[in-house]
Structure formats: C-alpha cells, structure tokens
Amino acid sequence: MVTEKIEATLEDLYKDSKYDWLKMLKGAAKSVFRPMQPLYFKDAYLSISKEQGRDLIKLITDNKLKSIVEFGTSFGISTLFLAQGVLETGGRIITTELIASKADKAIENFKKARVNDLIDVRVGDAVETLKNHKNPIDLLLLDGWKDLYLSIFKMLESSFHASTFIYVDNAEMVEAKAFINVIRKNSKYQLEPQFGGKVVLISLKK
C-alpha cells in the first residue's frame, strides 16, 4: 500500500536527520564572516516536524485541496506529507529546490515511496522555476529561503482563490516575520499562528 511506503520512507528520513542540528551549526558557522548562503546547508534536512506533517495532511484532506505548490523541497520530507494528502484528494504537487544534489535525493525518496508520479520537482531558483505558473493554487507551502517568501508570494498571488491556504513555516525567523508583517497590512488576508508561532496559516477573508 502506498501510504505504508510513504510512512516507511518518512521514518527512515527522520532517523537520518537525527543529527541535523550539527549540520545546521556547521552551516551557520560558515556565515560568521560572510552572508549566509543556501549551499551552506546542502547536507541539512531543515525539515518540518511530524506534527506539522500530520497537520498538513489534515488541512489537505479536510479542505479537499488538490493543486499544491511547495517552495523548498530539501530532501522531500514535507513533500511526502503533502503527497499523503493528495493521494486522498486526487491532487498533484509542484515542488522547488535550489540545490541539485538535494533535489536528486528527494526524487529518490519519492520513487522509494512510490509517489514520484504525483510530484513535479523543479530544480533552480524558484523565482525562475515558478514564474510562469498560471494555474489556481489550493495550497502554497513556504519553507525555502526566507528572504524570498515575499517575492514568491507576490509572484503567485494571481493564482490564489477564495479557498487558498498559504502555509508559512519558520514564521518566527526574522526574515519571515518581515514578510508576515507586510501581509498583515493587507486587509484581504487573515493570519492564524500555529505551533506556538512557528507556523502562520494565511487565508483570504471570506
């Protein structure tokens, strides 16, 4: 059964990410004397929690979300949770990853979980790989480089509709807070903090 394959793959990935904090420290150390770069974290998962994953599945299935765009694939943990959701709704996922080695590993994981046919992986700068997206978006997951949250949001905003959700991870980080403060000033949107402020769920006011 595909769901069991997804769960087994996720379990392996979470075990492998056990010492992610060490990889994150190494990446942060490189940025002491120069600006932080995504490449410094090419070996780090930087993944969402299992609780967040289950919450995303529920969000997708409860609201029958089908068209999903993810900014920030990494090794594919969050994407696998999204896939578990769209298996039930008959949806598909577009996911983007800047670092090719991470994207390659994510594709391996999707094949292992037998969901690669549901996922379109786009490698490169998301501002480029998503710029021609015109189809409606039911769920936008922002979990990539925080400096790009606002640019990605504005670029895809024309694809939002009355029932669109924008899931903002790492909302407590400085760059993400700046993005959220901009959106908060727009009366079209309502913001719901979750997971103690680590996540903010944005939706259009009804």
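The largest nonpolar core holds 30 residues, of which Leu56, Leu80, Leu82, Val115 and Leu139 touch the most other members; such a core is a set of buried Ala, Val, Leu, Ile, Met, Phe, Trp, Tyr and Cys residues joined through side-chain atoms within 4.5 Å, where buried means under 20% relative accessible area, exposed over 50%, and partly exposed in between (1.4 Å probe, protein chains only). Among the elements that each supply at least two residues of this core are helix H1 (2-16), helix H3 (50-62), helix H4 (77-89) and strand E7 (199-204), and the largest share, 6 residues, comes from H4. Helices (H or I, at least four residues) and strands (E, at least two) are DSSP runs, numbered from the N terminus.

This is a predicted model, in which local features need pLDDT of at least 70 and side-chain atom pairs count only at pLDDT 80 or more, while totals for chains, interfaces and linings use all residues. Residues are numbered from 1 along each chain as its sequence is written, and side-chain values use heavy atoms, with hydrogens and water left out.

A second, separate core of 24 residues includes Val69, Phe71, Tyr149 and Ile166. Ile166 also stands opposite Ile202 in E7, and strands E5 and E7 pair in the antiparallel sense over 4 bridges, pairing being assigned if DSSP finds at least two bridges between two strands. Strand E6 (residues 189-194) pairs with E7 as well, in the antiparallel sense over 6 bridges, with Gln190 opposite Ser203.

How many of the residues of E7 are buried? The count is 6 of the 6, so E7 is largely enclosed by the rest of the structure. In a regular strand the side chains alternate between the two faces of the sheet. In E7, Val199, Leu201 and Ser203 are buried on one side, and Val200, Ile202 and Leu204 are buried on the other.

The charged side chains come next. A search of the whole structure finds 9 salt bridges, each a side-chain nitrogen of Lys or Arg within 4 Å of a carboxyl oxygen of Asp or Glu. One of them joins Lys50 and Glu11, with the closest N and O atoms 3.6 Å apart, and this pair links distant parts of the chain, since Lys50 is in helix H3 and Glu11 in helix H1, 39 residues apart. Lys50 counts as partly exposed at 31% relative accessibility, and Glu11 counts as partly exposed at 36%.
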